[in-house]
Amino acid sequence: MSKIKILHMYADMLDLYGDSGNMEILKYRCKKRNIECIIEKYSAGDNMPYFPEYDMIYIGGGADLEQQHISADLIKCRDGIRKAYKNGTFLFLICGGYQLMGKYYRDADGNEIKGLGLFDYFTIAPSSRKKRCIGNIVIRTEITGKPVKVVGFENHGGQTQGVKNPFGSVLYGNGNCSKSSAEGYFEKNVIATYLHGPMLAKNPEISDYMISYCINRKSDNLIKLAKLDDKLEKDCRKVMIERLLNK
Amino acid sequence: MKRLLILTGKIIVKILNLLGRNAGNLPGIILWHLSGQKCCSIFKVECPIIAVTGTNGKTSVTNCIAQLFEKSGKKIIINREGNNLDTGICSLLLRHCDMSGRVKADYLILETDESHIPVVYSQMKLETLVVLNFFRDQLDRNGEMETLINKVNSFCKTFDGNLILNGDDPNTARLGRANPKNKNVRYFHAEPYKFATDKIFEASEGHFCPFCSEPLEYEYYQYSHIGKFICRNCGFGNYEPYVTASKIDLEKPVFTADGHKYSPKLNSIYNVYNMTAVASVSKLYKIKQGITNGVISTYTVNNGRMENFMLGDRKATLNLAKNPVGANMTLRVMNEMNGEKELLFVLNDNIADGLDVSWIWDINFSIFERVTRVVTSGTRAYDIAVRIKCSGYDPAKITVCPDLDDAVAELARTEGRKFVIANYTAVQPTRQALKRYSENGGKNNE
């Protein structure tokens, strides 16, 4: 039986817009395939975990105040997370988690929160809190080797710049910056994105990309994932894609 | 200038009435533009104003407070239709003022949107502000919750009137420190009920002391983040309650507040909190105990808040849930009831709902007990179906019917007890569909 071990960081604080649902979905899709999915939680101040032992590290989004609370703790985890990432651990990062892996996040009042600097991008929030990128979003990505539309919901003030390799191109919505053409950041073991919804709810192909990566990263023979009945998810996608793109 | 604005406003109300249109908001919107965005400043209000705000329960508490005064023989003005923004309040006052803008009443009782507290009450003097709670609700419309609390907090910094706060909600109780000079801050509180827990049960806000950032410690949680909390570092949460609800038994249902026993019609813990807020206002304004008893014991709602319908011989209970807290409460009520039941969940994503439906992932469906079937409907019928499926519920037992009449017919097809959850803009259409079905005896689609 295959096994996946996930570290869900700051679940008690960075859990805005149903982001914990992503963990519920991964667990569900693993269970259906008889893959053991262990999700451990890490909160600020807990004993420092050994990060490279995890197949995935997941960080969700939070309000400004909560992001400030965890930032000092996150810096303490920098070396561990970097080591895990270099070792091939998958980094799945939503919104605040995405921003904090870059160089820095400057909030609406001009306060700078230092990021982990794993990647070159940086994020600046406009001084007016009213200027947020809010709404449904559809992007197109080719991370699975063929074009896939990803449907979600974005809600962020921060404008992320300096992204070298985006997660996808924007078909509807804003993306990394207001009215931009690119969304998120991608490497073979990194998906960093502004998509909530939660992101995986309507995008089973992305869930399966990550599950497949995790169970295959240490194995020599490619383990193929069993197909699941995704009828409800497909119908759900269809309704939103038709509504947003076929106007 | 003010007289001219009043005259203009009144003419608009007249025209709308002649056209048979609802004048609930539009006159206020027009005056908002004409008055340089200060549409509530044109009135002369000489009576005390009592405002009620918070994420959940505003309408219920506002109506109950109004009844306290009405039954005491006072003339009151209230925004019953829930037009609770500055423009809605302006439209209301236009209908009740004379040509000089003078508003004649003994009390103005106004449900007020959280984000509009500073807007409205910088223009009209407020005597009493009741704050019920702050939950995640329609976040994409209001910005993050912290921004919302800060708005009300900034108003409280210079407010020296009566402040009645839910002392068991750290997001609300913190407003009590906004103006240290204000001696008129009062807190209401409730002792634990049967289903209170020592661990948090549902996703929530407010984990840290807003003053010193230390984690808050809880003696118990009633629901979501509502419960008896304290900051061990700075003492936040340590206050003398003005009114305490105790001996809460929701099976009867009964509870005691400030030594008086009440038998409310509604059996939820959040109704107990709402009614404790009402009892606090009653105490503050020295309302006769007989009147308070009458209001709290008879208050019930027919607007989709635990409202019952008969679908043939099958009983269906509809409850509005505009956020996870409301939905989780309904699931708890379902679970606390014996026997098998079926659920219809109607989910819309119109502007007034907040376009983002991700809050459904904060609903704890894994607690489902003896739920034999689920029907989903609304503009996001598939989203809620996927969400329930991923909680581990058998997808073969889920039927998606985006059309509401189809959904109600599907729900009524089988025997047994029914529950219906609908979000904000879904609740009225759902009521209509349930009514149509019960009146036509199931012949909706024939």
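**View 1. Helix α3(B) crosses helix α10(B) in the right-handed sense.** The model is predicted. Helix α3 spans residues 58–70 of chain B, and helix α10 spans residues 289–298 of chain B. Their axes come within 9 Å. The crossing angle is roughly 145 degrees. On the α3(B) side, the contact uses Cys64(B), Gln67(B) and Leu68(B). Ile291(B), Thr292(B) and Val295(B) meet them from α10(B). Four of the contact residues are nonpolar and two are polar. No charged residue takes part.

**View 2. The largest nonpolar core holds 112 residues.** Which members touch the most others? They are Ile4(A), Met56(A), Ile57(A) and Val408(B). Helix α12 of chain B, residues 381–390, supplies the largest share of this core, with seven residues.

**View 3. Surroundings of Met56(A).** Residues up to four places away in sequence are left out here. Met56(A) then touches Ile4(A), Ile6(A) and Thr89(A), including also Phe90(A) and Phe92(A). Met210(A) and Cys214(A) are touched by Met56(A) too.

**View 4. Four strands of chain A form an open sheet.** The strand order is β6-β5-β7-β10, with mixed pairing. Strands β6 (112–114) and β10 (159–161) of chain A are the edges, each pairing on one side only. Neighbouring strands are turned by 20 degrees against each other on average, direction ignored.

**View 5. Strand β7(A) pairs with β10(A) in the antiparallel sense.** β7 of chain A covers residues 122–124. Three bridges join the two strands. Ile124(A) stands opposite Gln159(A) of β10(A).

Technical notes
Residues numbered from 1 in each chain as written. Chains lettered and ligands numbered in written order. Predicted model: local features only at pLDDT ≥ 70, side-chain atom pairs only at ≥ 80, totals over all residues. Axes fitted to C-alpha atoms, helices over the stretch in contact; angles between N-to-C directions. Left-handed = near helix turned anticlockwise from the far one by under 90°. Contact = placed C-beta atoms within 7 Å. Nonpolar A, V, L, I, M, F, W, Y, C, P; charged D, E, K, R; others polar. Core = buried A, V, L, I, M, F, W, Y, C linked by C-beta atoms within 7 Å. Buried ≥ 20, exposed ≤ 12 C-beta atoms within 10 Å, placed from the backbone. Pairing = 2+ DSSP bridges.
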